[in-house]
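Please look through the structure below with its aromatic side chains in mind. Which rings pair, and where do charged groups lie over them?

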Amino acid sequence: MAKSSKGNGAGEGGRRERGGFKSSRHGKASAAGPKAQQKLAAEEREKRGQQHTAHEASRFLKGQRIDPRRIDGKETVADLIEGTYLAYNAARLREACQLFTGKMLAADVTVGLSITGALTPAGLGMSALIPLIEAGFVDWIISTGANLYHDTHFGLGLAMHRGNAQESDVVLREEGVVRIYDIFFDYDVLLSTDAFFRKIITGKEFQRAMSSAEFHNLCGRYVREREKALGIGQKSLLSAAYAAAVPIYTSSPGDSSIGMNIAALALDGNKLVLDPNQDVNETASIVLDAKRGGGKSGVMILGGGSPKNFMLQTEPQIQEVLGIDEKGHDYFLQITDARPDTGGLSGATPAEAVSWGKIDPDRLPDAVVCYLDSTVALPLLTSYAFARHDVRPLKRVFDRREAMMSRLREEYDKSSAAPPAIDHTDSKLPQHR
């Protein structure tokens, strides 16, 4: 005797047969229908030589058909990405390339780039980042200090070499060779770069507090002069950013050899201070200016870490802290090898960032995370961008810092974000209930 279907959700049009599943909501045979009937129907079609295409009406089957071109060595990088990167992280890279080139490089979008991982020692400053800056594809940057320090080696004409990661580090130390995985360089490269920074930092223009963007702009000017004196062409990211007025911030100024040398000179009375307050407000002003100017804000994140957070916290700074009405970044593109399930910021998804106000929830379809090594993805994305998009006029964001900060101050003054006056001296703050 059959059991009653009462309470199991199966009614007219949705009755479940033994061994079967609920029928389609649209009243058509589907993979959820009686399997025996579907099997017989498929065999009958095969006998008649009839091709079955009914399921292709499903909205889930509107994606590009998997039918790639044959690879023959004649295809361009852009053709390869569009024609053969069809699934898994290859597909995410294709989506990242298309998001960057198709939407983020629109004239009204201000593009911020965050950089972690040892990319400049591997030559990616010269091969990818400098071309992106010069083409107007990157408008402002947040980087680890290490990437900027090692970038400077090239601007000073110092050499980095390909090496073997399996070599003995004890032997390398004895030979005076420093290793960044499979990149080798002479220990004197560090000493020479330290000496360069200590020399320029003693200059009169450095004897004050400033944002890290202003500091890097000044450094870039000196690196550019050294490149010209050596006749080596454009080698340094700092130099290229100076020329294009692309501000470069670092979220942790003391966490690099540049910061270490600044700290050492402070012991001698040097007055240079990299002011994180200026960095926080200036980066927020860049994003606010992009939005208030009738445009959009896009972020491209290479890796994760502190630069990623510093890039994304611009929106909480605008909304949560300053009390200015805003909705979050419009475009989000990340290339990372970090997992989201460990809870770290590096692997945090754009969907999670929505809860913080970092990403506009209405723009989540314009968010792509590609789980791939940046040293693999960045050259491909750069080549794709040049193949599919014309260069953009430089926004010269660094030159507009004062105007952008004025706008931020005006909107902050209009908001109700000013903290209430403290009217007690009790050391125990009121408890949150």
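The report below describes the aromatic pairs and then the arginines placed over rings.

## Basis of the description

This is a predicted model, in which local features need pLDDT of at least 70 and side-chain atom pairs count only at pLDDT 80 or more, while totals for chains, interfaces and linings use all residues. Residues are numbered from 1 along each chain as its sequence is written, and side-chain values use heavy atoms, with hydrogens and water left out.

## Aromatic pairs

The structure holds six aromatic pairs, where rings of Phe, Tyr and Trp (its six-membered ring) pair if their centres lie within 6.5 Å, and planes under 30 degrees apart count as stacked, over 60 as edge-to-face and the rest as tilted. F206 and F215 form an edge-to-face pair, because their ring centres are 5.9 Å apart and their planes stand at 75 degrees. F206 is buried, at a relative accessible area of 0%, and F215 is buried as well, at 1% (buried means under 20% relative accessible area, exposed over 50%, and partly exposed in between, with a 1.4 Å probe and protein chains only).

F206 also pairs with Y222 in a tilted arrangement, 6.3 Å centre to centre with 35 degrees between the planes. This pair links distant parts of the chain, 16 residues apart, since F206 lies in the loop between α7 (187–201) and β6 (209–210) and Y222 in helix α8 (residues 212–230); helices (H or I, at least four residues) and strands (E, at least two) are DSSP runs, numbered from the N terminus. Y222 is partly exposed, with a relative accessible area of 22%.

Elsewhere, ring pairs join F100, F137 and F386 into a cluster.

## Arginines over rings

R173 lies over the face of Y187, 5.9 Å from the ring centre, and R388 lies over the face of Y384, at 5.8 Å. A charge sits over a ring if NZ of Lys or CZ of Arg is within 6 Å of the ring centre and within 35 degrees of the ring normal.
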